[in-house]
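Hi everyone, thanks for coming. I'd like to walk you through a structure that may be new to you, so please have a look at the screen.

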Amino acid sequence: MFYVAEALLLNKGLSFSKHGQVLAAFGEHFSKTKILDPKYHRYLIEGYELRQIGDYEPIEKVSKEAAQALIEKAREFLADAVEYLKKG
């Protein structure tokens, strides 16, 4: 989902080097403006948080169910992003 958000922002001529910047810019340019459903910003944040747990929290684990649910959200996000890009 991070790379989808980066592609959408790049389509608007915007590029960022940090995950937090991408999340914030996506919220500003796509969620607040309702160009895409604001739920995708929540999905991005959820994905980022789960990635942080998976990468940096050796004691805490991401459940298979949580990962599968996020994959479904990512598919939905990708499909809507593709449709948006086809229009413009």
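Predicted model: local features only at pLDDT ≥ 70, side-chain atom pairs only at ≥ 80, totals over all residues.

Okay, let's start with helix α1, which covers residues 2–11, and helix α4, which covers residues 64–87. How do these two run relative to each other? Their axes come within 10 Å and cross at roughly 15°. An angle under 35 degrees counts as roughly parallel, so α1 and α4 are roughly parallel to each other. As for the hand of that crossing, α1 and α4 make a left-handed one. If you want to find the contact on screen, look on the α1 side for Val4, Ala5, Leu8 and Asn11. Across from them, α4 brings in Phe77, Leu78, Ala81, Tyr84 and Leu85. What kind of residues are those, by class? The contact of α1 with α4 has 8 nonpolar residues and 1 polar one, with no charged residues.

Now over to α2 and α3. Helix α2 spans residues 19–31, and helix α3 spans residues 39–56. The axes of α2 and α3 come within 9 Å, and they cross at roughly 170°. Anything over 145 degrees counts as roughly antiparallel, so that is what α2 is to α3. From α2, the residues in this contact are His19, Leu23, Phe26, Gly27 and Ser31. They meet Tyr40, His41, Leu44, Ile45, Tyr48 and Arg51 in α3. By class, the contact of α2 with α3 divides into 6 nonpolar residues, 4 polar and 1 charged.

Let's stay with α2 for a moment. Which of its residues are buried? They are Val22, Leu23, Ala25, Phe26, Gly27, Phe30 and Ser31. And what do the buried residues of α2 pack against? The answer is α1, α3 and α4.

Leaving out residues up to four places away in sequence, Ser31 touches Phe26, Leu36, Pro38 and His41.

Next, the rings. There are 6 aromatic pairs in the structure. Take Phe2 and Tyr3: their ring centres are 5.5 Å apart and the planes sit at 70°, so that pair is edge-to-face. Is Tyr3 buried or exposed? At 65% relative accessibility, Tyr3 counts as exposed.

Then there's Tyr40 with Tyr43. The ring centres of Tyr40 and Tyr43 are 5.5 Å apart with the planes at 80°, so this pair is edge-to-face. Tyr40 and Tyr43 both lie in α3, 3 residues apart, which is about one turn of the helix. As a reminder, an α-helix has 3.6 residues a turn, so residues three or four places apart point the same way. Both Tyr40 and Tyr43 are buried.

And the rings connect up: ring pairs link Phe26, Phe30, Tyr40, Tyr43, Phe77 and Tyr84 into a cluster.

Last stop, the loop between α2 and α3, where you'll find Lys34. Most residues other than glycine have a negative phi. Lys34, though, has a phi near 60°, a positive value in a residue other than glycine. Lys34 is exposed, with a relative accessible area of 61%.

That's my tour, and I'm happy to go back to any part of it.

Notes:
Residues numbered from 1 in each chain as written. Heavy atoms only, no water. Axes fitted to C-alpha atoms, helices over the stretch in contact; angles between N-to-C directions. Helix = DSSP H or I, 4+ residues; strand = E, 2+ residues; numbered from the N terminus. Parallel < 35°, antiparallel > 145°, perpendicular 65-115°, else oblique. Left-handed = near helix turned anticlockwise from the far one by under 90°. Contact = heavy atoms within 4.5 Å. Nonpolar A, V, L, I, M, F, W, Y, C, P; charged D, E, K, R; others polar. Phe/Tyr/Trp six-rings, centres within 6.5 Å; stacked < 30°, edge-to-face > 60°. Buried < 20%, exposed > 50% of the residue type's maximum accessible area, 1.4 Å probe, protein only.
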